Amino acid sequence: MIRKSIEALQQEAAETGTYSLKRTLSATNLVAMGIGVIIGAGLFSLTGIAAANNAGPAVTLSFIIAAVGCAFCALCYAEFASMVPVAGSAYTYAYATLGELFAWIIGWDLVLEYSVGAATVSISWSQYLVRFLSKYHIYFPAQLTASPFEHLTLANGSTVQGWINLPAVFIIIFITAILIRGTKGSALFNIVVVSLKIGVVVVFIVLGWNYINPDNYVPYIPANTGTFGEFGISGVFRGAGVVFFVFIGFDIIATMAQETKNPKRNMPIGIIGSLVICTLLFGLFSFVMTGLAHYTEFKNSAAPVAIAIEKTPFFWMSQVIIMAIIIGYTSVILVDLLGQSRVFFSMSRDGLLPKLFSEVHPKFRTPYKGNMILGTFISLFAGLVPIGVVGEMTSIGTLLAFVMVCLGVMILTNIFFLCKFQAGFAVLLAVEKINGKIKRPPND
């Protein structure tokens, strides 16, 4: 239960030199990274699921409720990240408040959130890439787009067994190379990707707005079916639980505190700013989507946005949406891999992992060995394991990390309150002694 003192962490944050991480990230970089990982393909799929099964057109309210819940957790991350601007995120915060054992547990728990998450997203990235290229008559051999544990049915009805998901392997290796090159370069790459992704979302909102059918909003909150969570007020809240995971990603920003310029100012801006911008975009996106098509049309659809686009004359947007999903996945993979390497960097510096994970490249100032090891492992994992297996391992990591950070802030607040109370009491005693109102005992 040994804890790392706040003073020791702040000393670690102040270190400079060849073998320390380089502070290159601004508030704009952090906001872009947050948006990059929050706006993923979940926006284009979970919105329809929540509308069709739970909230109806009131899915917009579900997004707002989920955002409020995330905001409280984001404030905890922002407080920690500005107070203790070191790499590691929830791992570091657990070390400072709950002790080494909990830090070790949460560190490996974050493997589920970041590494396995990156593998899951890369497999989906591969599927969407294959679908996108097929529209232009560019095809991959089916055996090179699936794991050895999967069987694919071809257009002629025959079945083949996969060998390796080569596109998934490629994207992990490509992003790893970008990360090794340097955090600043990664941030610039992410800003470009995020700009394209936001552009597609905004285009959908602007073009779709003129074709909204107000009748699709009636009733705005459909009557409950008699089952909890199926429409009605309970459905709105259950819908918030469904879309909650769309917001996951702001916590990864905290892992980059040690590479941020002026972290006390920029970390809260990055965390809260990305959450606010995404909430606004999500609300408008869901409002337009449920206005274009009746929420019942999204039932059992994996591509509800395509259904909404059919209500407009802009059929070309369906292909653009697939491109947006591919771009969105790319930025999610980048930030996931970046966050994971920084968690391992902190664990290595604390002696909980081999030292090679904290060895920094003398030129690029990045933990390049850790990046290479993680990139190799995750690429093989993505290429050889089915998405059904890796997808189930992600969510629990995020929830446990959120609980740990919120609990840590409560503990840290109480510690600071007690320290301030003791310090204040000591000052009062000193003043009283100086004034001669308290006589010093002979043997004191």
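The mean pLDDT of the protein is 78, and 80% of its residues reach 70 or more; pLDDT is the predictor's confidence in each residue, from 0 to 100. The structure is a predicted model, in which local features need pLDDT of at least 70 and side-chain atom pairs count only at pLDDT 80 or more, while totals for chains, interfaces and linings use all residues. Residues are numbered from 1 along each chain as its sequence is written, and side-chain values use heavy atoms, with hydrogens and water left out. Over residues 437–444 pLDDT stays under 50, and for this segment the model has five contacts beyond four places in sequence, a contact being heavy atoms within 4.5 Å. Where pLDDT is low, the predicted coordinates should not be read in detail.

The protein has 16 helices and two strands. These elements are DSSP runs numbered from the N terminus (helices: H or I, at least four residues; strands: E, at least two). Of the 444 residues, 54% count as buried, where buried means under 20% relative accessible area, exposed over 50% and partly exposed in between (1.4 Å probe, protein chains only). Among contacts between residues at least 6 apart in sequence, 77% join residues at least 24 apart.

The largest nonpolar core comprises 115 residues, and those with the most contacts inside it are Tyr 77, Tyr 91, Phe 204, Phe 250, Ile 271, Phe 282 and Phe 285. Helix H13 (residues 317–349) gives the most to this core, with 16 residues. Such a core is a set of buried Ala, Val, Leu, Ile, Met, Phe, Trp, Tyr and Cys residues joined through side-chain atoms within 4.5 Å. When its neighbours within four places in sequence are left aside, Ile 271 is in contact with Ala 74, Tyr 77, Ala 78, Ala 81, Phe 250 and Ile 253.

Helix H13 is largely enclosed by the rest of the structure, because 29 of its 33 residues are buried. At 1.5 Å a residue, the 33 residues of H13 should span 48 Å, and the end C-alpha atoms are 48 Å apart, in agreement with that value; the expected span is 1.5 Å times one less than the number of residues. Just after H13, Gly 351 takes a positive phi of about 85°.

Aromatic rings were examined next. The structure holds 12 aromatic pairs. Rings of Phe, Tyr and Trp (its six-membered ring) pair if their centres lie within 6.5 Å, and planes under 30 degrees apart count as stacked, over 60 as edge-to-face and the rest as tilted. The rings of Tyr 128 and Tyr 329 have centres 6.0 Å apart and planes at 50°, so this pair is tilted. It links distant parts of the chain, with Tyr 128 in helix H6 (residues 100–134) and Tyr 329 in helix H13, 201 residues apart. Both Tyr 128 and Tyr 329 are buried. The rings of Tyr 217 and Phe 287, by contrast, are stacked, because their centres are 4.7 Å apart and their planes lie at 15°. This pair also links distant parts of the chain: Tyr 217 is in the loop between helix H8 (183–209) and helix H9 (232–243), and Phe 287 is in helix H11 (residues 263–292), 70 residues apart. Tyr 217 counts as buried at 13% relative accessibility, whereas Phe 287 counts as partly exposed at 26%. One aromatic cluster is formed by Trp 108, Phe 344 and Phe 357.

Helix H6 also contains Ser 122, which counts as buried at 0% relative accessibility. The side chain of Ser 122 reaches the backbone oxygen of Ala 119 at 2.7 Å. Beyond its neighbours within four places in sequence, Ser 122 is in contact with Ala 168, Ile 171, Ile 172, Ile 333 and Ala 382.

Most residues other than glycine have a negative phi, and most peptide bonds are trans. In the loop between H8 and H9, which holds Pro 219, a cis peptide bond joins Val 218 and Pro 219, with omega about -5°. Phe 231 lies in the loop between H8 and H9 and has a positive phi near 70°; this residue counts as buried at 11% relative accessibility. His 137, found in the loop between H6 and strand S1 (151–153), has a positive phi near 60° and counts as exposed at 65% relative accessibility.

Conventions. A polar contact is a pair of N or O atoms within 3.5 Å; within protein, one must be able to donate a hydrogen and the other to accept it, and residues adjacent in sequence count only if both atoms are side-chain atoms.
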